[in-house]
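Dear colleague,

Please find the structure below, followed by a short account of what was found in it.

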Amino acid sequence: MALHLNLLHEEILEQRQRQRDPLKIGMMVLGGLGALMLLYYLWNAYKVLEIRNRLGQAQHDWSKVEPKVTAAQKRSTELNGIISTTKVLDGMIDTRFFWAPFLEKLSRCVALNAQLTSIDGTVLDDGKISIVIEGLAAGREPRAAAEELRQLLLEQLGQSYQEVKVEFKTLEDLDTIVKIGGSNQAMARFGINATFTTQASKPSPTPGPRTKVRGEPRS
Amino acid sequence: MKQIKVNLSKDQIKKLMLSAMGFVVLVYVYFSFFLGPLNNSRDTMLGQINELQGKVANSKNELTKTAKLEKQAETATNRFAALKALSPEGAPIAWFPPRMKTFFANQEIDKATARLENSNPYKETDLANWMRYNWVIELPQADFASLGKAVAALENAEPLLSITRVNIKTLSEDPQFQQVTMVASTAMVKR
């Protein structure tokens, strides 16, 4: 067997040790990893740039639409306000009490032998109408004439209004004698309280043609 | 099973540790200062894009809704304009009494006067721009038939006027005529 002498074994060992240097290998691995990471980062950055462009486009679209939307929202609020205000005003208009039809009805109830001296009507807070009527009635039975007026009023008001109450507040005979149609007749003074509420369907504010049911009213 | 034995010198172990530390630092720096902020920025922008796209989509609905509302509110708008037109420019005390005087004069009732009793705002929030004015209208000499016609005409001509009280008294010196006092409230636009 031939003797083989390696005189360069130390150099070879050193070279091998240099090649196996963990730090060098580690640096190479890190460098490779760093390169991969950089590539991945660049790929992500490219995607982000794309997204930024999309954002710019979206912002541009929104900036074009925004003034119109703001104006539309403002107009919408204004219109809603107008609608609700009109609704409330219409409600007020619809729920008000019309006095003209009432006065017309009242005039139909007053016969020739009765005279109204005072009418005081009030629309109460709860929507009820309160009327105080004072007057004079003449006839052989003046109290009966006053009662006839009360009943006629009850009947007339009952046709158009609800919860109608017509009651005498006062009814007293007077000593005065009045001459009607050439005959002397006794007189009575009366006071009537009437209360009622308006119906859902209200009478027209324009009075209809006057019909002389029981003669012309005196008051 | 074979066990591979790696004999590392102290120096090599140190270098390996150093490399491992380098790896940790690299990963930390990469995620904390590069990829992390980039991803955050991407997420933020995506969120903004979604928000803007949602807004644009909603805006189309909003515009359509407003256009529809505009059509639906046409009647209300016209009515509102008509009601508003009932309140002329200027203080009501300046124009309402003369208007009433002229109105009743046209109805053959002379000497009509109107005075302001009080005014106050409405409680309803929808009527924030409106005021309630209470007036006392006095007709010292009115025929009952003319009064009835005049009241009907007034109630027709002034939809925002509501008569809350009527007082009619006969004139002792002239029973043909009555003395009338009316309390009326009107809704008027704040000027």
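Two strands count as paired if DSSP finds at least two bridges between them; helices (H or I, at least four residues) and strands (E, at least two) are DSSP runs, numbered from the N terminus. The model is predicted, so local features need pLDDT of at least 70 and side-chain atom pairs count only at pLDDT 80 or more, while totals for chains, interfaces and linings use all residues. Residues are numbered from 1 along each chain as its sequence is written, and chains are lettered from A and ligands numbered from 1 in the order in which they are written.

Between the chains, β1(A) and β3(B) run antiparallel and are joined by five bridges. A:I119 has B:I168 as its bridge partner in β3(B).

The contact (C-beta atoms, placed from the backbone, within 7 Å) takes 56 residues from chain A and 57 residues from chain B. On the side of chain A that touches chain B, α2 (22-95), α3 and β1 (114-123) each supply at least two residues, and α2(A) gives the most, with 36 residues.

Helix α3 (residues 99-109) of chain A is largely enclosed by the rest of the structure, because nine of its eleven residues are buried (20 or more other C-beta atoms within 10 Å of the residue's own, with C-beta atoms placed from the backbone). Among them are A:W99, A:F102 and A:C109. Their cover includes α4 (142-160) of chain A, as well as α4 (144-157) and β3 (161-170) of chain B.

With kind regards

Terms used:
Buried ≥ 20, exposed ≤ 12 C-beta atoms within 10 Å, placed from the backbone. Contact = placed C-beta atoms within 7 Å.
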